[in-house]
Amino acid sequence: DPVIVTVVTTCASSFPSTYDTRLGIFSSSFALLACNDDDPSCSPNVQSRIEEHSLNAGTYYIVVDGYNGGSGQYQLSVS
């Protein structure tokens with residue numbers, strides 16, 4: 001049976017990232033399955049969230065990227 005996954009970078013966190021994050025979930029063959037940039041429910045709107053994405057059993061990769069080459073510290077939450 002599939003599981004529901006929520007992935008968040010620093011949204012509503014006490015340690016927000018200092019750059020504009022972008023999230024992606026990729027399959028084991030590196031096909032993009034889900035992505036998000038600038039979730040409007042996060043303040044400021046430069047954080048990312050993939051919410052309630054259904055995945056079957058297997059291997060997946062979660063990628064935290066930065067807009068326009070941005071980089072730095074971030075906090076990643078997966079449930």
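The conversation below goes from the overall fold to single residues.

Visitor: What kind of model is this, and how are its residues numbered?
Guide: This is a predicted model, in which local features need pLDDT of at least 70 and side-chain atom pairs count only at pLDDT 80 or more, while totals for chains, interfaces and linings use all residues. Side-chain values use heavy atoms, with hydrogens and water left out, and residues are numbered along each chain as its sequence is written, from 1.

Visitor: Which pattern does the chain follow along the sequence?
Guide: Helices (H or I, at least four residues) and strands (E, at least two) are DSSP runs, numbered from the N terminus. By that rule the chain has zero helices and six strands.

Visitor: Which residue in the turn between β2 and β3 has a positive phi?
Guide: Strands β2 and β3 form a hairpin, with four residues between them. In the turn, a positive phi of about 70° belongs to F30.

Visitor: Which residues form the aromatic pair, and how many residues apart are they in sequence?
Guide: Rings of Phe, Tyr and Trp (its six-membered ring) pair if their centres lie within 6.5 Å, and planes under 30 degrees apart count as stacked, over 60 as edge-to-face and the rest as tilted. A search of the whole structure finds one aromatic pair: F30 and Y61 are stacked, at 5.4 Å centre to centre with 20° between the planes. F30 lies in the loop between β2 and β3 and Y61 in strand β5 (residues 60-66), so the pair ties together parts of the chain whose separation in sequence is 31 residues.

Visitor: Why does F30 count as exposed?
Guide: Buried means under 20% relative accessible area, exposed over 50%, and partly exposed in between (1.4 Å probe, protein chains only). Y61, at 36%, counts as partly exposed. F30 counts as exposed because its relative accessibility is 59%.

Visitor: How many residues does the largest nonpolar core have?
Guide: A nonpolar core is a set of buried Ala, Val, Leu, Ile, Met, Phe, Trp, Tyr and Cys residues joined through side-chain atoms within 4.5 Å. The largest one consists of V5, V7, Y19, L23, I25, A34, I50, L55 and V64. The elements that give two or more residues to it are β1 (3-9), β2 and β4 (48-55).

Visitor: Is T9 buried or exposed?
Guide: T9 lies in strand β1 and stands opposite L76 in β6. Contact means heavy atoms within 4.5 Å; leaving aside neighbours within four places in sequence, T9 is in contact with residues including T21, L23, S48 and V64. With a relative accessible area of 0%, T9 is buried.

Visitor: What separates the C-alpha atoms of A57 and P2?
Guide: A57 is found in the loop between β4 and β5, and this residue is exposed, with a relative accessible area of 80%. A57 and P2 are 55 residues apart along the chain. Their C-alpha atoms are separated by 6.7 Å.

Visitor: What percentage of the 79 residues is buried?
Guide: Among contacts with a separation of 6 or more, 68% are between residues 24 or more positions apart. Of the 79 residues in the chain, the buried ones make up 32%.

Conventions: Two strands pair if DSSP finds at least two bridges between them.
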